[in-house]
Amino acid sequence: MKNRYEALLVLNTQGKEDTIKDVVDRLESEFQKEGAEIEQVQKMHKRQFSYVAGELDAGFYVNFVFHAEPQLITKLRSKFKLDPEVYRQHFQRLRPKKERPAKKIAAAK
């Protein structure tokens, strides 16, 4: 059974600000190659860290919402851990998206 997940990735784009679109497209294809169904990709721009983490003082945040099997998360974590352009990663299971019922129109009297 596929669950709905959210992956927040912080990218190390130091000196590569012009190739961000290529990196995000590559990561999206990595998700799809492993069997995830992408629902949404949200590019959240570059943000400063509240404290300097090693040599980085900022990162480009990207949020992926996708459907996947639970065991795929472990595989994606280990894959992105080896990727030099992925600085941090956080995966979270989301509640299933509920269909909203159609609004009823009040009858005119």
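Mentor: Once neighbours within four places in sequence are set aside, Ile73 is in contact with Tyr5, Phe66 and Phe91, where contact means heavy atoms within 4.5 Å. The model is predicted, so local features need pLDDT of at least 70 and side-chain atom pairs count only at pLDDT 80 or more, while totals for chains, interfaces and linings use all residues. Residues are numbered from 1 along each chain as its sequence is written, and side-chain values use heavy atoms, with hydrogens and water left out.

Ile73 lies in helix 2, which covers residues 70–81; helices (H or I, at least four residues) and strands (E, at least two) are DSSP runs, numbered from the N terminus. Ile73 counts as buried because its relative accessibility is 8%, and the cut-offs are under 20% relative accessible area for buried, over 50% for exposed and in between for partly exposed, with a 1.4 Å probe and protein chains only. Gly54, by contrast, is 19 residues from Ile73 in sequence and 26 Å away in space, C-alpha to C-alpha.

Glu85 is buried because its relative accessible area is 17%, and, not counting residues up to four places away in sequence, Glu85 touches Val10, Leu11, Asn12, Lys16, Val23 and Arg26.

Leaving out residues up to four places away in sequence, Phe64 touches a list of residues including Tyr5, Leu27, Phe31 and Val41. Val41 is found in strand 2 and counts as partly exposed because its relative accessibility is 28%. With the same exclusion of residues up to four places away, Val41 touches Val24, Glu28, Val62, Asn63 and Phe64, and its C-alpha lies 9.7 Å from that of Ala7, although Val41 and Ala7 are 34 residues apart in sequence.

His45 is also in strand 2, which runs over residues 37–53, and counts as exposed because its relative accessibility is 55%. His45 has a positive phi of about 70° although it is not a glycine. Most residues other than glycine have a negative phi.

Stepping back, the protein chain has 2 helices and 4 strands, and along the sequence the pattern reads β-α-β-β-α-β. Its radius of gyration is 18 Å, well over the 13 Å that the globule rule gives for 109 residues, so the protein chain is more spread out than a compact globule; the radius is taken over C-alpha atoms, and the rule is 2.2 Å times the number of residues to the power 0.38. The C-alpha trace spans about 70 × 35 × 25 Å along its principal axes, and 36% of the 109 residues count as buried. Of the contacts with a separation of 6 or more, 72% come from residues 24 or more positions apart.
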